[in-house]
Amino acid sequence: MNRTIRLFIAAATLLSATSQVYAQQSGVIEYEVTAKTDPERMRGFQRGGDDAPEIPDVITFKQVFTFSNNLGKLTTERPEGGGFGGRRQRPDGDTSTRRRQGPGGMGMGMGRGGNAQYVDLANKKYEQVFSTFGDDKKTYYTEEDFIFTANNKSSDKTKKIAGYTCKKATIQLKDDTYTVWYTNELPFAFSPVNGLLPDSNAVVLSAEGGKRAFIAKNVSLKAVTDTDLSIPAGAEKVSPDQMREIRRQEMEKLRKRQQQ
């Protein structure tokens, strides 16, 4: 074979391999989420009194995980029904960074208070951001390490989800048991819920428990245009306990305002 042709083929192969590696480092995972609600609890945050729309027992919404260059961000779209009276609901309930035992539902929503879920993929940390209400708005963040569940019940079963071969694991998380399907075909670790990571190179594409379920409907490996994947500049770092107290105070202010 002509030397020039061989060099051309080798260069094309290298370029293709480089493009694939680059593509794997950035992209989007779209999850469909279903969650059981607590209508009585959520009604306390609802405006409109007796004229407010009925709160369903189960809501469905979408979460999008965008990742690039070892950074990620999980955003939540408004649930079906417009968020009940024009306000985003947080079906996860308390979405503070650590609920006593730590795992279980990081802040998954983008609400009035400015909730956002960022992920440091390189250092395997979730970064919870929260902005207070009102004119004197302040932004805080706290960190939580990835929690890998070594005592999960693994299985030899596999299945394809969004084009990826996934393994099965059963994980007990607080008072719920999840059936988790995860892939090792992506070069990082991530789960939409901390504590549902079977190993250090697992990307969870499906997690179904008794109260909520997350199922990846699409995984797109591509260059992403969202460059806002790190915590906001000027955000003040606080401990998980401090973050819980800040959120509690803000929710109490909101509850009193709505009652008035």
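This briefing covers model confidence and salt bridges in this protein.

The structure is a predicted model: local features need pLDDT of at least 70, side-chain atom pairs count only at pLDDT 80 or more, and totals for chains, interfaces and linings use all residues. Residues are numbered from 1 along each chain as its sequence is written, and side-chain values use heavy atoms, with hydrogens and water left out. The average pLDDT (the predictor's confidence in each residue, from 0 to 100) is 78 for the protein. Nine salt bridges turn up in a search of the whole structure.

**Confidence**

- A pLDDT of at least 70 is reached by 70% of the residues.
- Helices (H or I, at least four residues) and strands (E, at least two) are DSSP runs, numbered from the N terminus.
- Among these elements, strand β10 (residues 203-208) has the highest mean pLDDT, at 98. Helix α1 (residues 3-24) has the lowest, at 45.
- Residues 5-23 stay under 50 in pLDDT. The model gives this stretch five contacts (heavy atoms within 4.5 Å) beyond four places in sequence.
- Residues 81-113 also have a pLDDT below 50. Beyond near neighbours in sequence, residues 81-113 have 108 contacts in the model.

- Side chains of opposite charge can pair when their charged atoms come close.
- A salt bridge here is a side-chain nitrogen of Lys or Arg within 4 Å of a carboxyl oxygen of Asp or Glu.
- K237 and E143 form one, with an N to O distance of 3.4 Å.
- K237 sits in strand β12 (residues 236-237) and E143 in strand β6 (residues 139-145), so the pair ties together parts that are 94 residues apart in sequence.
- K237 is partly exposed, at 49% relative accessible area. The class lies between buried (under 20%) and exposed (over 50%), using a 1.4 Å probe and protein chains only.
- E143 is partly exposed too, at 26%.

- R248 pairs with E245 in a salt bridge, and their closest N and O atoms are 2.7 Å apart.
- Both lie in helix α3 (residues 240-259); because they are three residues apart, about one helical turn separates them.
- R248 is partly exposed at 47% relative accessibility, and E245 is partly exposed at 33%.
- R255 and E252 form another salt bridge, at 2.8 Å from N to O.
- R255 and E252 are three residues apart in helix α3, so about one helical turn lies between them.
- R255 is partly exposed at 26%, and E252 is partly exposed at 29%.
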